[in-house]
Structure formats: structure tokens, C-alpha cells
Amino acid sequence: MNEEITVRIYDIIGSPLGVSAEDGQVVHEKIAPLLRDGRKVALSFEKMETIISAFLNAAVGQIYGELPAERIDELLSLKDMTSEDQKLLERVVANALLYFKNRKNFDRAWKEELGDEE
Amino acid sequence: MKYSLPTILSTKEGFECLASLAGHTEHLFARRVSVDFSSCEFFDANMAAPLGAILARITDRLNEVELISLSKGIQSVLCQNQFLASYGYPALDDGEQTTLPFQRIPLAEKGLFAEYLGRHLQGKGVPKMSERLERAFQQKIFEVFQNAVTHSESRFGVFVCGQSFPTKKRLELTLADAGIGIRENVRRFFQNDKISSAAAIRWALVGGNTTKQGKEPGGLGLKLLKDFFSLNEGKIQIASRMGCYVFENGKETFSTMSADFPGTVVNFEINTSDPRSYRFTSEPGAKN
């Protein structure tokens, strides 16, 4: 039986501010091994006051480079999130999917564009 | 040496003049540097942040800095925001409480930065923003602070200060670092030392573009900033090395400055009367 484990961000970082990639990484290191083992995780944003993209990139975004998106959808749920933070996370996830899919092509295109000198 | 500082406003010319001060003093070591304000008729309070970043670099080379011939008006503004406290001037009470004081915050001290925002964005005469607007604004400021932490390599930390204009319903907040600038990060990433500062800023503003290497995606912070200020009808200015970016009234301009600002400055001008809720969907709740 795969019982869902609730992981409260506030309890892990000890602050209502998810405003650094460093703290996001700490959260990632807690949840990623569980997901890799196929455990269901509910990530709770209870008591979190401010969340930024860099925090979510590290905590959640990088999981999309480790597991297929369908598997993440199956195992990871999010709760106690404001609509604003939910919207931010949607952008982070969309960005992560692009990042892991197209990064090299994307950078190559820019390399040609960034030709001007200073 | 004596350096005559002209009028400094929150404009491209203002950033150029401060960059020029950096350029004229970069070769000095263990000297006395007198920054002469006698030709400075006006100094926008928030520009104390980039000036602080430049003066930190000068004093780091064991130079002694003095600020001289300040008009009463400029002295009053820069005493009220506590910028002049490090230069032997007395602190002045901010009677109207419209100042977000000058402070230097080490990159590792995100808690100190949070405390600064908590104390100075809320109340203290800063025009009343809705709770949601204030929260959204605070989030964007943290994005910029985190960008400095990740990319600036600024040994001197981040310099912050601001000023509110209650009658205009605007609030200006400026963050400056004395780091390597956006250009250097982008040049390293593309292994191309000819990329211009303006082109580097343009690249950094595109969602998903990041110089971070490794397993972690990034590159959303500046894009989110632009989206927010577009809705808010505010203004963003970024000056980094020789590049200058302005976003205002939905229009963005990239240009090259006449001098090299050693680091990055981000200046926000928020419309505090913005009635939008910044609530993107109607239902709060979970993903599943």
C-alpha cells in the first residue's frame, strides 16, 4: 500500500519565506528520494507567506529532469497553496519541461543572435 | 583626488554619471577621494543604492572617501535615508516617514533582507497598498535579491534604499550590487567575450534563459518582474555594466551607456494605487 506522506515546507526550512534556491534545494532533497522510490508525496505550503520562482525551481522544477512528468503527476500533490503560488508553480513546471526538453537548441539559437560587440 | 558629481536622477544619465565616478577612481589605491556635490543640484534618494555600491568598491581599495559640499536639500534627503551616516553626517528624522533607508545587506543574509522589507514596506507612511499587491511586490523584490545572490558574485552584498511619493502614489525601490554584471555571466555561459551588455540584459529577460548550469531550471525571475510591472503600470530600470534597460508603459528600450557601471542596479517604480488583486485564478487550492 502506498500511503501518502505529507511534507510541510515550513517544517523543513523553518521559515515562512521560500525565497532562496538554497532552501528549495533542501526541500528537494527531502522529497526527491521518496518520489524516486515511488512513494506518494503531498507537499504542503501551509504557513508559507512568500514563495519565489528560484525556490520552486530548486524544490520542484528539477524533479522534472529526474522523473517523467506523468510519474510526477501521479505521485506528487500540492496542498495549502494560494492561487498566486499555484499559478507561479504552473509557470515553473512549464519552464522546467521546456528546459529539460529543449535547452541545447534554445541556447544554440541565442548563440547566433548574440553577435554584437562591445 | 576630487570628483565633481553632477545632478543624479533615476535615469540612464544618472547611472552613467555614477558609472563614470567608478571609472575615474578604479585605479586609485590608498588615496583620499573627495566626491564634490557642489554641481549636484538634485539627487534622487533611491540613487544612494548604486552610489553606495560604487563607494564600497572605492573604500575596499583602502581609499578614504569623503562627501563634500552637499546642498542643504541633498544633505537632508541623504541624512533622512541614513546614507550619510557612514560619512560623518548626523541621522535625521524622516518626519513624513516616506523613506526606505539605505542599507547594505550581505548576500547570505536573506533573513535581514526579509526583515528590511517587513519593516519598511509595511506602514511607516509608505502608501497603503492592498495586501495582495504588497505581497506580489515583495515576491518580485525577493526574485531580484535571489538573482544577485546567484549571479552577482558581489563581495559587498546588495545595497538597498527607496522613497515613496504618497501624492503621486508611487514607490521607488532600488537594489544595487557591486558584482560582475549580467554581461559577464552571459559571456561566460556562451563563451563569447564580445556579447554586449544590452544584448546580455535582453537575453536575461527572456523567460527560461538562465546561465545556471546543472540540474536546476531557472530564468523566470526577471520575466515575472516584467509581467508584474506591466500589469501594475509601474516602471523597471536595469543598469548593468554598459547596458541600460527601461520598461515603462508597456514599452521596453535597451541602450548602451557611455560608462561601465561595475555591477547591476535594478530600480522599481511601483504604482501603489493599483487596484488589481493579482489573483490569477478564482479558486485557491491544490494541484490535484
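**Figure 1. Surroundings of G61(A) in the predicted model**. Leaving aside neighbours within four places in sequence, G61(A) is in contact with L56(A), V92(A), A96(A), F100(A) and P217(B), where contact means heavy atoms within 4.5 Å. The glycine sits in the loop between α3 and α4 (69–75) of chain A; helices (H or I, at least four residues) and strands (E, at least two) are DSSP runs, numbered from the N terminus. With a relative accessible area of 0%, G61(A) is buried; buried means under 20% relative accessible area, exposed over 50% and partly exposed in between, with a 1.4 Å probe and protein chains only. The C-alpha atoms of G61(A) and Y10(A), 51 residues apart along the chain, are separated by 18 Å. This is a predicted model in which local features need pLDDT of at least 70 and side-chain atom pairs count only at pLDDT 80 or more, while totals for chains, interfaces and linings use all residues. Residues are numbered from 1 along each chain as its sequence is written, chains are lettered from A and ligands numbered from 1 in the order in which they are written, and side-chain values use heavy atoms, with hydrogens and water left out.

**Figure 2. Fold of chain A**. Chain A has five helices and five strands. From the N terminus on, its elements follow the order β-α-β-α-β-β-α-α-β-α. Of the 118 residues in chain A, 52% are buried. Among contacts in chain A with a separation of 6 or more, 85% are between residues 24 or more positions apart.

Figure 3. One cavity of 30 Å³ or more is counted. On a 1 Å grid over the protein atoms alone, a cavity is a set of points where a 1.4 Å probe fits but cannot get out, and lining residues have an atom within 4 Å of a point. Grid points are joined across faces, edges and corners, and a volume is the space filled by probe spheres set on the points. At least two lining residues each come from α3 (53–59) of chain A and from α5 (131–152), β6 (170–177), α6 (181–190), α7 (197–204), α8 (221–232) and β8 (251–271) of chain B. The most is given by α5(B), with eight residues. By class, the lining has 14 nonpolar, 16 polar and three charged residues; Ala, Val, Leu, Ile, Met, Phe, Trp, Tyr, Cys and Pro count as nonpolar, Asp, Glu, Lys and Arg as charged, and the others, Gly among them, as polar.

**Figure 4. Packing of α6(B) against α7(B)**. The two helices pack at an angle of about 80 degrees, with their axes 8 Å apart. Axes are lines fitted to C-alpha atoms, for helices over the stretch in contact, and angles run from 0 to 180 degrees between N-to-C directions. α6(B) is therefore roughly perpendicular to α7(B); angles of 65 to 115 degrees count as roughly perpendicular, under 35 as roughly parallel, over 145 as roughly antiparallel and the rest as oblique. From α6(B), I182(B), R183(B), V186(B), F189(B) and F190(B) meet S197(B), A200(B), I201(B), W203(B) and A204(B) of α7(B). The residues of this contact divide into eight nonpolar, one polar and one charged.

**Figure 5. Packing of α1(B) against α2(B)**. The axes of α1 (residues 12–25) and α2 (residues 48–60) of chain B come within 10 Å and cross at roughly 5 degrees, so α1(B) and α2(B) are roughly parallel to each other. F15(B), L18(B), A19(B), L21(B), A22(B) and T25(B) of α1(B) make the contact with P50(B), L51(B), I54(B), L55(B) and I58(B) of α2(B). By class, this contact has ten nonpolar, one polar and no charged residues.

**Figure 6. Surroundings of I8(B)**. I8(B) lies in the loop between β1 (2–4) and α1 of chain B and is buried, with a relative accessible area of 0%. Leaving aside neighbours within four places in sequence, I8(B) is in contact with G14(B), C17(B), L18(B), C40(B), F42(B), F43(B), D44(B) and M47(B).

**Figure 7. Positive phi at E233(B) and N249(B)**. Most residues other than glycine have a negative phi. E233(B), in the loop between α8 and β7 (235–248) of chain B, has a positive phi of about 60 degrees. The phi of N249(B) is near 50 degrees. N249(B) is found in the loop between β7 and β8 of chain B and, at 73% relative accessibility, counts as exposed.

How values were computed
On a 1 Å grid over the protein atoms alone, a cavity is a set of points where a 1.4 Å probe fits but cannot get out, and a pocket is an open set with protein on both sides within 12 Å along at least five of seven lines; lining residues have an atom within 4 Å of a point.
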